[in-house]
Amino acid sequence: MKRAFATSVLLTCLVAGILGKPLTKERPMRKLEFNGQVVYVPVAEKLADPFSSTIPGDEQKTDMILNEEQKEYIRQQKEEHKDGRTKRKAVRDVLKRWTKVGGDVIVPFTMDSPTDDVPYIYEAMDHWSTKTCVKFETYSSDRSSTLGHNQRLRFHKADGCWSYVGRQPTNRMQPQPISIGTGCLELGTIAHEIGHAMGFQHEQSRPDRDDHVEVFWTNIETDQQNNFEKESLEDVMASEVVKYDLKSVMHYGPYGFAINENIPTLVTKRPFDMQYIGQRSGLSFYDVKLANYIYNCNSTCDPLLDCANGGFVDKTCTCQCPPAWTGALCNENSNVPETVTETTRTEPSGEITSPGYESGQYSINSASMIYIVGQPGATITLTFDAFDMEALDSGRCWDYVQVNSDDPRYGGEKYCGNQIPDPIVATESIMIWFYSDETNTDKGFRAHFTIDQPLTEAPVETTRAPTTPAVTTTAPTTPAVTTKAPTSPAVTTKAPTTPVVTTEAPTTPVVTTNAPTEAPTTPVVTTNAPTEAPTTPVVTTNAPTEAPTTPVVTTKAPTSEAPLSTLTSPNYPNAYNAKQKKVYRLTTAVGKKIYLKIDEMDIEEGSNGCNYDVLIVDLGGTDEVLQTRLCGTRTNVGPFESVSNKMELTLITDGYVERKGFKASYKSITESTCGGTFGGESGIVESLNYPIHYPNQILCDYVIQVDPGKVIRLTFNDLDVEYGPNYLCQYDCLKVIQLNQNDQEETLLSLDGTSPPSPIVSRTNQLTLRLSSDAYVGGKGFQVSYLAI
């Protein structure tokens, strides 16, 4: 039964082919004249599907190619960031521009693409020329002498959509290839590749991208993560000259290079902004502004107009304005309605409808987003009362309603036709997307919703108004646990004898529990807590004797010897549920860390790593690499140690095979727990946090000791220790040490980099693996197997 859905899709496509139904709707053609040649290209859609998850070109293996000098420049940038150095070895001309003659930037080209593809490429070149001062000319040797170089773009059809960045040196390649492969004929996709050739990098690689989007690193194919790294060959990309642009044609869509195609690799911070990323309709306003800026397209304009509100002067010496502004100087409100309407609903109950529902028919080329939001812990129920959308055709919903109930930004069920969907229940928020294309309409939908906020109980008396964190007048004889500073009376319940577990953090009531005689030393565990922490959270196990003036998060001071508590997946040791997302958030005192070890794991493994079911471990830091994806059947995975006072585990399952899940042990610690002693006839040793990222500034000894009279065969399964370019172990180091006959340490191996050595055999019954790290960068660490022989 595994992946049986693929068979049904194949049958749908075969039936469609037999019956002659198009899998894509035919588009009318328009005439285009480019450089004296007349070609015909499809008329662009008035409103392309803003919620489409498939972006041509984003899944290609080599979209943007850097030459060796550019790679070295990026490497030096990372080195400077790593150790704070400011002196840079000179790397000149890493981003060459195309030559400007008069007011035009001349880009010579040759055309070796198939004849049927040429009109689409001409259309993209014309698109660039119309909006910027870039002019594409058929290559000639006579023109080369005028330009001072002999370089030109060579359009051809290779494997995928890809391009080099900027004009390449002729001593390295001539002509400069740009591939428009299968599936790459969208206007915006070709404009994207031309953008690389003009010197543009990916928008999501800008240094300021973390303010706008979130990268799901653990769902990106390992060899494609470089497409998401923050790097810049152009200072303007790191400046405020052109702001971060979610609508840029250079921005990846949500699912580029995804391991699990049901989970994004990129999501926006603001749920409404998911409609923008990955558009391939053409250059955005800020794409055009960037091109005009870096090529100085208005250099012949005198005087230069002072355009307001982010506008700019283009090659015609007039102001080009952002969509919200108009007028000669961009100082008048354009009053242009948004293409996609955005609505937020927060009332306890209400009705929602598709656009134009009351008129009896929704419009073609329309889209809307309705965001229903409750307080943390709220339950939202959405019930459709009427539903009439264009029916499923050729295996596709051309018009549809998508309901994102787990995460408002992605992953929801898509509905079309006239069957009323079942009621949908979500926690805290729910997003409804509506889209109609340019043909066929129906009545649309009508639905109602209710938001049930968390319940409260009888109040507990406090000595001060509950607008600040609540504290009792005298310190209780047992610790109190407070989940949030109240804005209404506090609530008292009986304390559990195990670590506190709450399914949803309430937004108003304070829950104070009469804790057991001994204060727990384990962190508080919250499951399915809100994505963003409440503004005034308080989680304490020992109430202070005086009221705090600011929110606090504390536990009883733990030690590394604190007893372990247990965390399990739903239904464990029975099978977990299909199609679920369960989040466990562990929190301990500020200044403390969380130690976690997975005692047993049985999670369905996919055909390509963890692309079916997955357990994601997040070490609680802001660095994107501090996550890993786990699946398969193993015992004693880890240990893991958080980099802050928080750690998060997320279990995501698909709709097919269910397994036992996992059981983990955890505790609060004050000092690092790296290292340890390992015995027995055989075993596996992993560095702390492997395969995520070992901590900075550590010195950890992993001692393997077998029975006297035996020696140890050590096999390196994986190695990733920060490489020092100047000498061995310049930055971080893994040493393999044994004691000699005088009980003195003798180093057998010193290792860094990513090349595991051949197996070694000790001369005694004990070996020590010593991992040391500096204050920067780092790596996954190591995994070794040992055998007593």
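The model is predicted: local features need pLDDT of at least 70, side-chain atom pairs count only at pLDDT 80 or more, and totals for chains, interfaces and linings use all residues. Residues are numbered from 1 along each chain as its sequence is written, and side-chain values use heavy atoms, with hydrogens and water left out. Helices (H or I, at least four residues) and strands (E, at least two) are DSSP runs, numbered from the N terminus.

**Helix α5**

- α5 has 12 residues. From its first C-alpha to its last it reaches 16 Å, close to the 16 Å expected at 1.5 Å a residue. The expected span is 1.5 Å times one less than the number of residues.
- 12 of the 12 residues of α5 are buried, so the helix is largely enclosed by the rest of the structure. Buried means under 20% relative accessible area, exposed over 50%, and partly exposed in between (1.4 Å probe, protein chains only).
- Among the buried residues are Leu187, His192, His196 and Met198.
- Just after α5, Gly199 takes a positive phi of about 115 degrees.

**Glu193**

- Glu193 lies in helix α5. Its relative accessible area is 1%, so Glu193 counts as buried.
- UniProt places the feature "active site" at Glu193, in an unreviewed entry. UniProt positions are given in the numbering used here, feature names are shortened, and annotations may be inferred rather than shown by experiment.
- Glu193 touches Asp63, Cys161, Trp162, Ser163, Ile178 and Ile180, not counting residues up to four places away in sequence. Contact means heavy atoms within 4.5 Å.

**Helix α6**

- α6 spans residues 285–294. 9 of its 10 residues are buried, so α6 is largely enclosed by the rest of the structure.
- The buried residues of α6 include Phe285, Tyr286, Leu290 and Ile294.
- These buried residues pack against α3 (118–131), α5 (187–198), β12 (312–313) and β13 (319–320).
- Asn296 follows α6, and its phi is positive, near 50 degrees.

**Strands and sheets**

- Strand β1 (residues 29–34) is joined to strand β2 (residues 37–42) by 6 bridges, and the two run antiparallel. Two strands pair if DSSP finds at least two bridges between them.
- β1 and β2 form a hairpin with 2 residues between them. In the turn, Asn35 has a positive phi of about 50 degrees.
- Phe34 stands opposite Gln37 in β2.
- An open sheet of 5 strands has the order β38-β40-β45-β42-β43, with mixed pairing. β38 (676–678) and β43 (745–751) stand at the edges, each with a single partner strand, so one side of each is left without a neighbour in the sheet.
- In this sheet, 6 bridges join β42 (residues 733–739) to β43, and these strands run antiparallel. Leu734 stands opposite Leu751 in β43.

**Nonpolar cores**

- In soluble globular proteins, nonpolar side chains tend to be buried together.
- A nonpolar core is a set of buried Ala, Val, Leu, Ile, Met, Phe, Trp, Tyr and Cys residues joined through side-chain atoms within 4.5 Å.
- The largest core has 56 residues. Leu586, Leu596, Ile598, Phe640 and Leu649 have the most contacts inside it.
- Strand β32 (residues 593–603) gives the most to this core, with 5 residues.
- A second, separate core of 43 residues includes Ala124, Leu153, Ile178 and Phe312.
- Leaving aside neighbours within four places in sequence, Leu649 is in contact with residues including Tyr584, Leu586, Leu596 and Phe662.
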